[in-house]
Every structure is written in C-alpha cells, then in structure tokens.
Amino acid sequence: MNLSNLKISVRLWLAFGSTMLILLLMVLISATRLNTISEKNKQILDKNAIGVASALEISSIIQKNGSRTTELFITPDPQARSNQYLAVDSNKKKIASLMLKLGKLAETPKEKEALKALASSVENFSATFAKVADLIELFEREEAVAMMGKTVFPALNIALTDIATIVTLQKKEMDDNGAEIKNDISFSLKLMLIAGALATAISAMFAMWITRSITLPLNNAIAAAKRVADGDLTGKIEATSKDETGELLSALADMNNSLVMTIGQVHLSAGTISIASREIAAGNADLSSRTESQASSLEETASSMEELTSTVKQN
C-alpha cells in the first residue's frame, strides 16, 4: 500500500490519531499506576499506621496496668485500691476494643498468628494481675510479691514482646508499601518520559512525511502552471500519487494537453484560412482582369456605334 495515495485528510487523521493513541495509552498506564500508588498509600494510612498506633496504645495501657499492680502494694486505703481496680477494668475494655481493631486489620497469616499470640499473652497478664490483686486483698503480700516476680512481670514482658512483633510486622509492611510506591512513581516518571519522547518522535516523523507529501507535488504544480503561463507547453507534467495533489497535477497535465491540441487546431485553421485567402485574392484579380477586358470591348463597341451613327446622318 502506497501511503502517498492516501487522501490528505486521511494522512492527517493517521498522524494525529497515532499521537493521540500514544498519549491515551500513557494516560491509562499512568492512571493505573496512580491507582496502585493510591491503594498502597491507603493501606499505609488505613492499616499500617492504625495497626502500629493501636499496638503501641495497647503497650502503653498494659504498662500502666503493670504500674497499677505495683501501686497496690503501697496503697493501704481499700477505696484507693478499688479505684485502681476500676481503672484496670476500664483499661481492659480499651485493650479489648483495640484488639478488635487489630483483628480487622490482620490479613496475612503472620499477622493473624501474631495477633493470636498477643491475645493469649494479654489474657495471661490479666489473669496473673487478678491473682495478685486477690492475694493483696487477702493480705498475703509476700506471696503476692513472689507472684509478681514469677508470673506478672514475665507475662507483661511476653505481652510487650508480642506487641513489638505486631509493630514490627506493620512497620515492615509499611516500608514495603513505601518502597513499592517509590518504585511505582519512578516507573511512572520513566514511562511518561519514554511515551512523551515516542509521541514527539512519531509526531515529528508524520509532520515531515505529510509536509513533504503535500509541498513537493504542490511545488511541481506551481512550476508547471508557471511554464504554461510563460507559454511553454513542452514540459512534462506527471502525477505520482492519487491524492488531492495528484489530482491537481493530473488536471494540469490534461489542461496542458488540451492547450497543445487547441493551439495545433488554431495553427491548422490559420493555414487553411491563409490558402483560402490567397485563392480568393487570385479569383478577385482574374475577375478584375476580365471586367477590364469587357469594359474595353464595350468602349470599342460604343465608339463604333457612334461612328456608324455619324455616317448615317451624313448620308
């Protein structure tokens, strides 16, 4: 298929369509990448950040409960201890609410396993706290102190370790998502640069091709028209394409041929008229000669008649 035979409008649509297609693909790919970045960013904000904040809040509450457990030994007032128990119970409810929030965020097997371990360690810590509180209320302080060292503090450390595990998992996922976002941004920038360069190159190529395919035939048509205007009908006009410029050159070639034929016919008619004119002139000359001869004869006849008339009168 000869692209030069395509109509100019088709070539223009082909050029602009190719450029628009590349730009559209660039927009679609960029939009897909931006959507991926948005999802990763949403996961960081709605999951990882909330997960870390919730785990750290549980850690803070457990440590407060641990401190309140220690304060029970130095609080002789039953009402004050009752207030401590109420605060601990309130903190347990907060921990339960935070654990539910973490449960909704847990997606991977490691996260679910870590959350299960934390729930167990928190429950164990609460149980040991309750036992110590019972011993204190029974005034069995020595046994309570021993239990603090053997069960309460180890249970607290296990719970804090499990919390640290969850925080580590969430931070790792956050770092991974951040790295993926960085890679997606870098890839999107490279893609936009490559697509932009490609679109520019294709546009320049089409612009050069379309310009040459239009201007060269037009220049040939202008040159041919100038030759005809100057009276030179010997030039050869040839159409090399079937587009609008090709049709223009074909029309100029037909016009040139028609002028050549017309001028030839004019020359032929002029020759015929010249011959006829010479023949008419010769006929006129012959007719004039005959007319003069007849006039002379008439004059001689008239003279003879006059002489005859004179002779008749004298006799």
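Helix 4 of this predicted model comprises 89 residues and extends 125 Å between its first and last C-alpha atoms, close to the 132 Å expected at 1.5 Å a residue. The helix is not straight throughout: at methionine 148 helix 4 bends by about 45 degrees. Beyond the end of helix 4 comes glycine 231, which has a positive phi, near 90 degrees.

Just after helix 3, the backbone at phenylalanine 139 adopts a positive phi of about 60 degrees. Most residues other than glycine have a negative phi. Phenylalanine 139 has its positive value although it is not a glycine, and a reader browsing the model can find this residue in the loop between helix 3 and helix 4. Is the residue buried or exposed? With a relative accessible area of 64%, phenylalanine 139 is exposed, because the cut-off for that class is over 50%.

Salt bridges come next, and the model contains five of them. One joins lysine 40 to glutamate 180, with 2.7 Å between the closest N and O atoms. The two partners are 140 residues apart, lysine 40 belonging to helix 1 (residues 8–71) and glutamate 180 to helix 4 (residues 141–229), and their pairing links distant parts of the chain.

Another salt bridge pairs glutamate 111 with lysine 47, and here the closest N and O atoms are 3.1 Å apart. This pair also links distant parts of the chain, since glutamate 111 is in helix 3 (residues 109–137) and lysine 47 is in helix 1, 64 residues apart. Both side chains are on the buried side of the 20% cut-off: glutamate 111 has a relative accessible area of 6%, and lysine 47 has one of 4%.

Lysine 47 takes part in a further salt bridge, this time with glutamate 173, at 2.9 Å between the closest N and O atoms. Because lysine 47 lies in helix 1 and glutamate 173 in helix 4, this pair ties together parts that are 126 residues apart in sequence. Glutamate 173 is buried, as is lysine 47. Which residues make up the network of salt bridges? The network links Lys47, Glu107, Glu111 and Glu173.

Across the whole structure, the search returns one cavity of 30 Å³ or more. The largest cavity has a volume of about 50 Å³, and its lining consists of Leu102, Leu105, Ala106, Glu111, Leu115, Ile166, Leu169 and Gln170. Helix 2 (78–105), helix 3 and helix 4 are the elements that each give two or more residues to this lining. Which element gives the largest share of the lining? Helix 4 does, with three residues. By side-chain class, the lining of the largest cavity has six nonpolar residues, one polar and one charged.

Isoleucine 95, in helix 2, and valine 122 are 27 residues apart in sequence, with a C-alpha to C-alpha distance of 8.7 Å. Isoleucine 95 has 6% relative accessibility and therefore counts as buried, the limit being under 20%. Serine 60, for its part, is located in helix 1. Between serine 60 and leucine 160 there are 9.3 Å in space, C-alpha to C-alpha, although the two are 100 residues apart in sequence. A relative accessible area of 33% makes serine 60 partly exposed.

Technical notes: Residues are numbered from 1 along each chain as its sequence is written. This is a predicted model: local features need pLDDT of at least 70, side-chain atom pairs count only at pLDDT 80 or more; totals for chains, interfaces and linings use all residues. Side-chain values use heavy atoms; hydrogens and water are left out. A salt bridge is a side-chain nitrogen of Lys or Arg within 4 Å of a carboxyl oxygen of Asp or Glu. Helices (H or I, at least four residues) and strands (E, at least two) are DSSP runs, numbered from the N terminus. Buried means under 20% relative accessible area, exposed over 50%, partly exposed in between (1.4 Å probe, protein chains only). The expected span of a helix is 1.5 Å times one less than its number of residues. The bend at a residue is the angle between axes fitted to the seven residues ending there and the seven starting there. On a 1 Å grid over the protein atoms alone, a cavity is a set of points where a 1.4 Å probe fits but cannot get out, and a pocket is an open set with protein on both sides within 12 Å along at least five of seven lines; lining residues have an atom within 4 Å of a point. Grid points are joined across faces, edges and corners, and a volume is the space filled by probe spheres set on the points. Ala, Val, Leu, Ile, Met, Phe, Trp, Tyr, Cys and Pro count as nonpolar, Asp, Glu, Lys and Arg as charged, and the others, Gly among them, as polar.
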